[in-house]
Amino acid sequence: MFLGTAIVYTFIPPLKIRRVIKQISFIGVQSSLIVILTGAFTGMVLTLQSYYAMSKFGAEALLGPAVALSLIRELGPVTSALMVTGRAGSALAAEIGIMRISEQIDAIEVMALNPYRYLIVPNLLAGIISFPLMASIFNVVGIYGGYLVGVQLLGVSEGGYFGEMITFINMEEIRIGLYKSLSFGLIVTWICCYKGFYTTYGAAGVSKATTEAVVTSSILILVWDYFLTSVLF
Amino acid sequence: MIEVIDLHKSLNGVQVLKGINFKVEKGEILALMGKSGHGKSVLLKHIVGILKPDRGNILIDGEDIGTSRGTALERLRSKLGYLFQGGALFDSINVFENVAFPLREKTSLPKEKIREKVLQELEQVGLPGVENKYPAELSGGMKKRVALARCLCTDPEIMLFDEPTTGLDTVTARSINNLIKETHDRIKFTGVMITHDINQVLSIVQKVAVLDAGTIEFTGTPQEIQATTDPIVRQFFNNNA
Ligand SMILES: Nc1ncnc2c1ncn2[C@@H]1O[C@H](COP(=O)(O)OP(=O)(O)O)[C@@H](O)[C@H]1O
Ligand SMILES: [Mg+2]
């Protein structure tokens with residue numbers, strides 16, 4: 001219902017472009033540092049792990065594509081979505097929840113304006129735009145983190161790391177990753193806006209809404225990821 | 001015109017409104033009095049359609065806002081201005097943007113006209129020069145006055161004030177009451193004003209109603225309320241004597 005109404009108002013003009021841009025900055029741009037950090041370390045540890053496993057079969061040459069595949073298909077979309085949920089999703093739920101309990105949402109309604117248009121639609125759009133961007137940053141940084149560990153530290157050949165990667169990664173892989181982050185962006189902003197919008201009264205209501213928003217979003221990311229992976233394979 | 005007919009409402013299993021009836025004619029202001037927690041704000045929220053009645057009707061110029069949806073509801077609300085008890089300012093934007101918000105979103109006024117109107121309205125509520133502050137930087141009474149400016153700036157046909165002067169010093173309270181009176185003389189809006197300041201508003205309003213324990217205990221003109229011997233109504237005068 002909530003999501004349906006929001007989607008309807010996405011296609012009825014006027015669209016609040018300035019609010020969309022502001023929310024992209026909030027959900028996306030301001031999350032980039034944390035995404036870069038987690039991306040780098042995920043790529044590095046992934047490379048260590050993969051190298052250890054692959055050297056047992058003498059398959060070190062395929063280290064590059066193994067790391068890139070895991071990142072692009074799975075770890076990039078999922079981990080960056082979880083990080084953005086923790087940073088921006090919680091804040092989103094709290095902000096909308098506070099607007100609810102301080103009657104700011106009622107005030108918008110009394111002005112004969114639609115709160116979905118001002119609060120929900122810009123966040124959903126910003127989520128759909130930001131999550132894929134964050135996943136891409138995560139992937140790029142992760143692959144370079146892997147390069148540092150794999151090539152510089154463990155001595156895999158540089159040509160092998162990147163060369164094999166280009167052979168194995170095709171548009172299909174990138175598209176699967178993109179579908180995942182697009183849907184995570186929608187799920188997370190939807191859940192966080194919903195929990196904030198229907199918060200119960202008082203500070204306790206807002207803190208409960210915030211916690212539930214993060215927990216529900218995180219679980220749904222993982223469940224939906226499993227579902228998509230099994231369907232899109 | 002506002003007409004409330006047999007309005008019932010329970011919240012969290014408690015019966016807050018138990019059959020409210022009253023009528024405010026076009027161009028009249030009704031002062032609504034009553035003890036804290038007796039349902040005054042809940043009643044006002046029904047008139048703007050934020051809360052929906054369990055039973056009964058709320059007619060705005062003959063149309064029931066309690067059962068209106070979508071564009072019909074928006075059309076009714078376009079006539080209304082509402083001052084929330086807590087102000088309900090948007091805390092992510094500054095004072096200027098708050099007051100300008102309904103003008104920008106609901107009218108096609110040019111930028112300079114909006115600016116002029118906002119600054120003039122802030123001056124009228126006695127807050128010149130606060131336009132760049134954020135709501136969090138204001139005191140409770142200042143927030144209330146900014147909210148009043150936001151409510152008045154669109155010149156609505158019907159205005160609902162939830163305790164416009166509570167929490168203000170007597171001097172400022174008097175100037176706010178005067179501002180409401182001046183605005184009323186100018187545009188003859190229909191209004192309901194929740195107040196504890198009975199002595200100050202008797203010269204502004206045309207009708208007084210007393211809400212007690214979820215029902216209307218008394219309605220009448222300012223003259224009638226001053227003459228009544230009803231003990232529940234008399235309490236309000238003694239408190240403010
Ligand atoms: N949103 C709400 N949910 C549950 N109970 C409410 C809500 N709003 C008000 N109440 C209850 O309704 C009663 C009347 O409140 P209110 O109308 O705010 O009183 P007042 O006359 O002081 O304005 C109070 O007991 C209050 O606890
Ligand atoms: Mg109240």
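The model is predicted, with local features needing pLDDT of at least 70 and side-chain atom pairs counting only at pLDDT 80 or more, while totals for chains, interfaces and linings use all residues. Residues are numbered from 1 along each chain as its sequence is written, chains are lettered from A and ligands numbered from 1 in the order in which they are written, and side-chain values use heavy atoms, with hydrogens and water left out.

The ligand shell belongs to chain B. Backbone N or O atoms approach oxygen atoms of ligand 1 at 2.8 Å for B:Lys40, 2.9 Å for B:Val42 and 3.3 Å for B:His38. Taken alone, ligand 1 exposes 560 Å², of which the protein buries 65%; accessible areas come from the Shrake-Rupley method with a 1.4 Å probe, and for residues only the protein chains shown count as cover.

Turning to chain A, the secondary structure comes to 9 helices and 0 strands. The C-alpha trace of chain A spans about 70 × 35 × 30 Å along its principal axes. Of its 233 residues, 52% count as buried, meaning under 20% relative accessible area, with exposed over 50% and partly exposed in between.

Helix α2 of chain A (residues 17–27) contains A:Ile17, which counts as partly exposed because its relative accessibility is 49%. Together with A:Leu15 and A:Ile21, A:Ile17 forms a nonpolar surface patch with about 270 Å² of accessible area.

Further along chain A, A:Gly202 sits in the loop between α8 (171–197) and α9 (203–232). With a relative accessible area of 30%, A:Gly202 is partly exposed. A:Gly202 and A:Gly150 are 52 residues apart in sequence, and their C-alpha atoms are 52 Å apart in space.

Conventions
Patch = residues over 30% accessible without salt bridge, like charges linked within 9 Å, V, L, I, M, F, W, Y side chains within 5 Å. Salt bridge = Lys/Arg side-chain N within 4 Å of Asp/Glu carboxyl O. Helix = DSSP H or I, 4+ residues; strand = E, 2+ residues; numbered from the N terminus. Buried < 20%, exposed > 50% of the residue type's maximum accessible area, 1.4 Å probe, protein only. Polar contact = N/O pair within 3.5 Å; in protein donor to acceptor, adjacent residues only side chain to side chain.
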